[in-house]
Amino acid sequence: MAEVKNNQVILKDYVVDFPKESDMDLVEGTIAQKLPEGSNEVLLKNLYLSCDPYMRMLMSKTEGPEGFQTYSTGSPLTGYGVAKVLESGHPDYKKGDLVWGFTRWEEYSLVPASMILFKIEHTDVPLSYYTGILGMPGMTAYAGFFEVGLPKEGDKVFVSAASGAVGQLVGQFAKLSGCYVVGSAGSKDKVDLLKNKFGFDDAFNYKEEPDLNAALKRYFPEGIDIYFENVGGKTLDAVLLNMRVHGRIVVCGMVSQYNLAQPEGVTNLQHLIIKRIRMQGFNVTDYYHQYPKFLEYIVPKIKEGKIVYVEDIVEGLEKAAQALVGLFSGRNVGKQVIVLAHE
């Protein structure tokens, strides 16, 4: 059976504190271009790979979050991606299908069909969008904001890590819902992006705010109705002081905590009681059954220019480790994507 070269990004060492490029390695493997006899698996050519903050939690030796298996040293990383079916032993997929779901960080992957989430039907938008606005981050923003946040017209909305893959969409969904929205980000360029491209009412650089409580009071003198939580730590503590009665905190991520050996404590939780705040975590996988409804909502808005999306694209597996590590220092602007092939 003919085999071809198959470059892979493997986990070299389990990660302690912040991930480093040296924790990963680019290695050359091989893969058969034919399915094994009787196999019901799917052979994929990977086109676009998604860099996501949750991947950091899978790089430690400790147990990963529920529903996710931690990476093994010496094996390729796995994550969301867009791929083309080269051969299929499963009746749901055929050669030439474009799909998105879970795949490995390598040029070609042989995967069980259960790792594929959806066939791609809309090909009149960039395929890379299925790692972002039309993939897991888009669905996360949609489910978190509408299903967990339950916005009402006129609500005051705060989004942390607002220029990232999820945050940039939450802000735009909030504006389309008639809300006032402010975002925080970590550089002047990102703040400008929030205000001038994504249409946030205002934005600030959290690194320039020695007192986050005072900053939030400046932007939300009447308090916050919905906080879309992406960072945790000191930001969450300051937000709790500024929530309105019956406010909602949508807990999507806590990127400031993923690299800490000892996570920071939160000291203002009594405000959940005083202000009758609902603080709820969620996992996007609980909402994938709503994916067709989500596409009906978002695809027309993309085509009409009512929603815009910014990607930070790097080419090739050799840049993959650098791209993933860069998420944790804010190096990326927008959704971080690795291109392996354009088809």
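In this predicted model, Asp17 counts as partly exposed, at 40% relative accessibility. Asp17 is placed in the loop that joins strand 1 (3-11) to strand 2 (24-32). Its backbone has a positive phi of about 60°, although Asp17 is not a glycine. Most residues other than glycine have a negative phi.

Other loop positions are buried. Ser160, in the loop between strand 8 (156-159) and helix 2, has a relative accessible area of 0% and is therefore buried. When residues up to four places away in sequence are not counted, Ser160 touches Ser184, Thr235 and a group comprising Tyr227, Phe228, Glu229, Asn230 and Val231. Phe220 is found in the loop between helix 4 (212-219) and strand 11 (224-229). With a relative accessibility of 2%, Phe220 counts as buried. Neighbours within four places in sequence aside, the contacts of Phe220 are Lys156, Val157, Phe158, Tyr180 and Val182. Of these, Val157 lies 63 residues from Phe220 along the chain, and the two C-alpha atoms are separated by 9.0 Å.

The packing of the helices was examined next. Two packed helices are described by the angle between their axes and the distance between the axes. For helix 1 (136-148) and helix 2 (167-176), the axes come within 9 Å and cross at roughly 45°. Helix 1 is therefore oblique to helix 2, and the crossing is right-handed. On the side of helix 1, the contact involves Pro137, Gly138, Ala141, Tyr142, Phe145 and Phe146, which meet Leu169, Val170, Phe173 and Ala174 of helix 2. By class, this contact consists of nine nonpolar residues and one polar residue, with no charged residues. Helix 2 also contains Gln172, which is buried with a relative accessible area of 5%. Beyond residues up to four places away in sequence, Gln172 touches Phe198, Lys306, Ile307 and Val308.

Helix 1 also meets helix 7. The axes of helix 1 and helix 7 come within 11 Å and cross at roughly 95°, and the two helices are therefore roughly perpendicular to each other. In this contact, Gly138, Met139, Tyr142, Phe146 and Glu147 of helix 1 meet Tyr291, Lys293, Phe294 and Tyr297 of helix 7. The residues concerned divide into six nonpolar, one polar and two charged.

Helix 7 itself comprises 13 residues (291-303) and reaches 18 Å from its first C-alpha to its last, close to the 18 Å expected at 1.5 Å a residue. Its buried residues are Tyr291, Phe294, Leu295, Tyr297, Ile298, Val299, Lys301 and Ile302. An α-helix has 3.6 residues a turn, so residues three or four places apart point the same way. Just after helix 7, Gly305 adopts a positive phi of about 75°.

Methods: Residues numbered from 1 in each chain as written. Predicted model: local features only at pLDDT ≥ 70, side-chain atom pairs only at ≥ 80, totals over all residues. Heavy atoms only, no water. Helix = DSSP H or I, 4+ residues; strand = E, 2+ residues; numbered from the N terminus. Expected span 1.5 Å × (residues − 1). Buried < 20%, exposed > 50% of the residue type's maximum accessible area, 1.4 Å probe, protein only. Contact = heavy atoms within 4.5 Å. Axes fitted to C-alpha atoms, helices over the stretch in contact; angles between N-to-C directions. Parallel < 35°, antiparallel > 145°, perpendicular 65-115°, else oblique. Left-handed = near helix turned anticlockwise from the far one by under 90°. Nonpolar A, V, L, I, M, F, W, Y, C, P; charged D, E, K, R; others polar.
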